[in-house]
Every structure is written in structure tokens, then in C-alpha cells.
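Please open the structure in a viewer and keep the selection tool at hand.

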Amino acid sequence: MRVIGLAGWSGAGKTTLLAALIPWLKGRGLAVSTIKHAHHAFDVDRPGKDSHTHRQAGAAQVLVASANRWALMTELRGAPEPRLPELLAYLDPVDLVIVEGFKRDPIPKIEVHRAANGKPWLHPEDAAIRAVAADIPPSVGLPHAALDDIAGVGALVLEHAMPWPSPGPLPAA
């Protein structure tokens, strides 16, 4: 299994790019999974559903299963947020895991940048950024592809993804 991150400011196009990359990678015979970091208040459940009632009643974990999918929700209830290596361990083995968010974790990343956002580049401050997908060239000589060049970004993903589990421990985030 290999892992790579997509990092960038909100509105840069990370999710749109990921939605185009997944079919491109699958078309090359790769099994792909994703991990998405969300804001603190996100919820995958709805009030009124049995699983929500179970969680609200205090269940530590609730597993919901059907003929089409299953989902395991774990309530942290004040425990520390799991680090990326712990979350990666929950996934079934695949060829590639693309991580959206977790921009402070020391995995190789592709910075996704859109000039219209008016936000600064991340790569001058993050040595883990190995390449850039952007609508303008990066501020330094990193490998790059245009945001809409899915084959070019896909090639960067395949070139820079690292084996997982990593050969050594990850440095602290």
C-alpha cells in the first residue's frame, strides 16, 4: 500500500481534483481509498435514526450495516483525535490511499493551489510537499501539473506516493 496527501486551502479544488483522480487511477487498475480530515463538528449520522440514538445514549462505537455498505462510527468523547497512522491502520489494504487534509502530517503531499483564492502557497513552509497541482506555476521549482491535467497530476501522485506502513516511524506532527 502507498499513501500520498493532497494539501491546500479551502476552495483550492482538492475534492474536485480527487473526484477526477480516483477514476483515472482506477482506470489504470489501482484500488484506491481515501481519508478525509473534517472539521470538529462533522457528523455522518442524522437525528431520528437508530444509530444516532445509540450514539446519543452513550455507545462508544456504533456499526451500521446493510447489503450495500457498512460504517463504523467511534465517539471520541474527549479522547485525543486519532493520528493519521492509526486511521490508516483501519483501512483494508489497497494500492493507494489519498489523504485529503492532515496537512501537518509528515507524509508526501501534493499542494493544490488556486490563485483566485488569494491564499499563500503552503510549500515554502512544508518540506513534505513534493509537487504542486495549480492554475499557476509554483513559487519554487517543484514538479507541477495544471489543476485540470488529471493525467499529469496522476503521474505526480504515482511518483511521490510512499509505501505504507512506512519503513520507519513518522516524525511527530
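Leaving aside its neighbours within four places in sequence, with which residues is Phe102 in contact? Select Phe102 and display its surroundings: Ile35, Lys36, His37, Leu84, Leu87 and Lys109 are the residues in contact with Phe102, once neighbours within four places in sequence are set aside. Contact here means heavy atoms within 4.5 Å.

Before continuing, note that this is a predicted model, in which local features need pLDDT of at least 70 and side-chain atom pairs count only at pLDDT 80 or more, while totals for chains, interfaces and linings use all residues. Residues are numbered from 1 along each chain as its sequence is written, and side-chain values use heavy atoms, with hydrogens and water left out.

Remain at Phe102, which lies in the loop between strand S5 (96–100) and strand S6 (109–113). Helices (H or I, at least four residues) and strands (E, at least two) are DSSP runs, numbered from the N terminus. Phe102 is buried because its relative accessible area is 11%; buried means under 20%, exposed over 50%, and partly exposed in between (1.4 Å probe, protein chains only).

**The salt bridges**

Next, select the charged pairs. The structure holds three salt bridges, each defined as a side-chain nitrogen of Lys or Arg within 4 Å of a carboxyl oxygen of Asp or Glu.

Begin with Lys36 and Glu100, whose side chains meet at 3.8 Å, N to O. This pair links distant parts of the chain, with Lys36 in strand S2 and Glu100 in strand S5, 64 residues apart. Lys36 is exposed at 52% relative accessibility, whereas Glu100 is buried at 5%.

Move to Glu75 and Arg55, which form a salt bridge at 2.5 Å, N to O. Glu75 lies in the loop between S4 and H3 and Arg55 in helix H2, so the pair ties together parts that are 20 residues apart in sequence. Glu75 is partly exposed, at 25% relative accessibility, and Arg55 is buried, at 7%.

Then select Lys109 and Asp126, a salt bridge in which the closest N and O atoms are 3.1 Å apart. Since Lys109 lies in strand S6 and Asp126 in the loop between S6 and strand S7 (129–134), the pair ties together parts that are 17 residues apart in sequence. Lys109 is buried, with a relative accessible area of 1%; Asp126 is also buried, with 16%.

**Helix H2**

Select helix H2 (residues 50–56), where His52 is found. His52 counts as buried, because its relative accessibility is 12%. Apart from neighbours within four places in sequence, His52 is in contact with Asp43, Asp45, Arg46 and Pro47.

**The largest pocket**

Which residues are the closest to the centre of the largest pocket? About 1,600 Å³ of space lies in this pocket, and of the 31 residues that line it, Phe42, Leu72, Met73, Thr74 and Leu87 are the closest to its centre. Strand S2 (32–36), S4 and helix H3 (84–90) each supply at least two residues of the lining. The largest share, five residues, comes from S4. A pocket is an open set of points on a 1 Å grid over the protein atoms alone, where a 1.4 Å probe fits, with protein on both sides within 12 Å along at least five of seven lines; lining residues have an atom within 4 Å of a point.

Note on methods. Grid points are joined across faces, edges and corners, and a volume is the space filled by probe spheres set on the points.
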